[in-house]
Amino acid sequence: MSTPSLAALPIRRLTLRDLTACSDLSEDRGWPREEHKWGFLLTAGKGFGIDDPQGGLVAACVVTEYGPWGRPDLGAIGMVLVAQRHARQGVGRRLMRHVVSAMGTTPLTLHATPNGRPLYEELGFKVTGRAEMLSGPFTADGPEPGVFTRAATAEDLTAILRLDEEVFGADRTPLITRLPAFADQLRVAADDSRIIGYAAAWPNMDTHVVGPLVARDTETAKALISSLAAHTDRPLRTDIDVRHEGLLTWAKARGLASVAFNTVMTYGITELPGDWTRRFAPLTVAAG
């Protein structure tokens with residue numbers, strides 16, 4: 001029996017049962033396996049994939065929707081991967097066209113690597129910004145930021161959700177309410193009992209990823225990162241909007257080194273909603 005052509009292989013929805021196959025695909029492309037992140041994304045978002053008749057996945061990606069159920073305001077595309085043996089055969093383009101079509105009129109966003117950007121531009125995505133990935137051991141140095149922070153409690157959730165929607169520009173309740181179980185730390189910054197920022201640190205291989213990072217200003221963002229770093233022995237990793245030059249300079253002076261740049265792109269809108277001045281880092285670039 002002949003093997004079906006790649007173009008004939010169906011695209012299907014992925015579920016948590018595909019966690020191992022998705023992690024295998026990451027490893028195949030030289031990425032970390034990231035089972036913890038894959039599990040989160042497959043639960044909070046919609047996975048799409050193509051099965052390989054020889055076993056495993058030919059390709060995969062995840063879309064995370066934000067806004068009202070059934071009528072999302074925004075969709076974030078991430079984890080777009082094609083197995084090495086099937087690379088440069090149009091599989092990624094076919095999968096992306098399928099996802100864009102399935103999302104209909106919903107505006108889309110993604111963080112593109114240099115390798116992926118040409119494909120996304122071909123599909124109609126436009127560049128709207130950049131994020132710089134930083135990673136390394138955090139070393140406390142200089143005066144402590146003068147903003148009060150503490151561990152978040154269950155009573156803070158309503159205020160966190162309200163602040164997040166205001167800053168992000170869309171309701172992310174299904175994502176944010178999963179943070180206490182997904183992250184090792186969830187902390188808030190407060191001013192006169194009012195929450196002015198929040199941040200999480202979640203485990204990814206040997207690091208703690210800082211994200212989301214939402215804060216009233218740069219000093220509040222510094223305080224949140226410092227407080228997260230004080231409660232972990234792992235190196236930190238985060239992806240900061242390059243417009244936040246002050247935070248980038250401060251973080252690099254404390255041991256976080258530049259690793260890579262990703263291009264922020266949108267489809268169907270010219271700019272991301274919300275307030276970028278208070279949106280410092282995403283939960284993960286895969287979820288916008």
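This is a predicted model: local features need pLDDT of at least 70, side-chain atom pairs count only at pLDDT 80 or more; totals for chains, interfaces and linings use all residues.
1. The ring partner of Phe168 is taken up in the next point.

2. Six aromatic pairs are present in the structure. Tyr66 belongs to strand β3 and Phe168 to helix α5 (residues 157-168), so the pair ties together parts that are 102 residues apart in sequence.

3. Because Phe138 lies in the loop between β6 (126-136) and β7 (148-151) while Trp250 lies in helix α9 (residues 245-253), the pair ties together parts that are 112 residues apart in sequence. What are the relative accessibilities of the two partners, Phe138 and Trp250? Phe138 counts as buried at 18%, a value to be read against the cut-off of under 20%, and Trp250 is buried with a relative accessible area of 9%.

4. Two other ring arrangements deserve a mention. Phe40, Phe182 and Trp202 are linked by ring pairs into a cluster, and Arg130 is placed over the face of Phe261, at 4.3 Å from the ring centre.

5. In helix α1, which spans residues 19-28, the buried residues are Ala21, Cys22, Ser23, Leu25 and Ser26. Which elements do the buried residues of α1 pack against? Their partners are β1 (11-14), α2 (35-44), β3 (57-66) and β4 (74-82). After the helix comes Gly30, with a positive phi near 85°.

6. The peptide bond joining Gly211 and Pro212 is cis, with omega at about 0°, and Pro212 is located in strand β10. Arg88, a residue other than glycine, has a positive phi near 60°; it lies in the loop between β4 and α3 (91-102) and counts as exposed at 87% relative accessibility. Ser193, likewise not a glycine, has a positive phi of about 70°; its place is the loop between β8 (185-191) and β9 (194-204), where it is exposed with a relative accessible area of 75%.

7. One cavity of 30 Å³ or more is found, and the volume of the largest cavity is about 50 Å³. Its lining consists of Asp164, Val167, Phe168, Arg172, Leu213, Val214, Arg279, Ala281, Pro282 and Gly288. The elements that contribute two or more residues to this lining are α5, β10 (207-215) and β13 (279-281), with the largest share, three residues, coming from α5. Sorted by class, the lining of the largest cavity comprises six nonpolar, one polar and three charged residues.

8. The largest pocket has a volume of about 1,300 Å³ and is lined by 43 residues, of which Trp31, Val80, Thr113, Asn115 and Gly116 lie nearest its centre. At least two lining residues come from each of β4, α3, β5 (108-112), α4 (117-122), β10, β11 (236-241) and β12 (257-267), and the largest share, six residues, is that of β4. In class terms the lining of the largest pocket has 22 nonpolar, 13 polar and eight charged residues.

9. For the second largest pocket the volume is about 350 Å³, and 23 residues line it, with Asp241, Arg243, Val264, Leu272 and Arg279 nearest its centre. Which element gives the most to the lining of the second largest pocket? It is β6, with four residues, while β5, β6, β11 and β13 each supply at least two. The lining of the second largest pocket divides into 10 nonpolar, six polar and seven charged residues.

Technical notes
Residues are numbered from 1 along each chain as its sequence is written. Side-chain values use heavy atoms; hydrogens and water are left out. Buried means under 20% relative accessible area, exposed over 50%, partly exposed in between (1.4 Å probe, protein chains only). Contact means heavy atoms within 4.5 Å. Rings of Phe, Tyr and Trp (its six-membered ring) pair if their centres lie within 6.5 Å; planes under 30 degrees apart count as stacked, over 60 as edge-to-face and the rest as tilted. A charge sits over a ring if NZ of Lys or CZ of Arg is within 6 Å of the ring centre and within 35 degrees of the ring normal. On a 1 Å grid over the protein atoms alone, a cavity is a set of points where a 1.4 Å probe fits but cannot get out, and a pocket is an open set with protein on both sides within 12 Å along at least five of seven lines; lining residues have an atom within 4 Å of a point. Grid points are joined across faces, edges and corners, and a volume is the space filled by probe spheres set on the points. Ala, Val, Leu, Ile, Met, Phe, Trp, Tyr, Cys and Pro count as nonpolar, Asp, Glu, Lys and Arg as charged, and the others, Gly among them, as polar.
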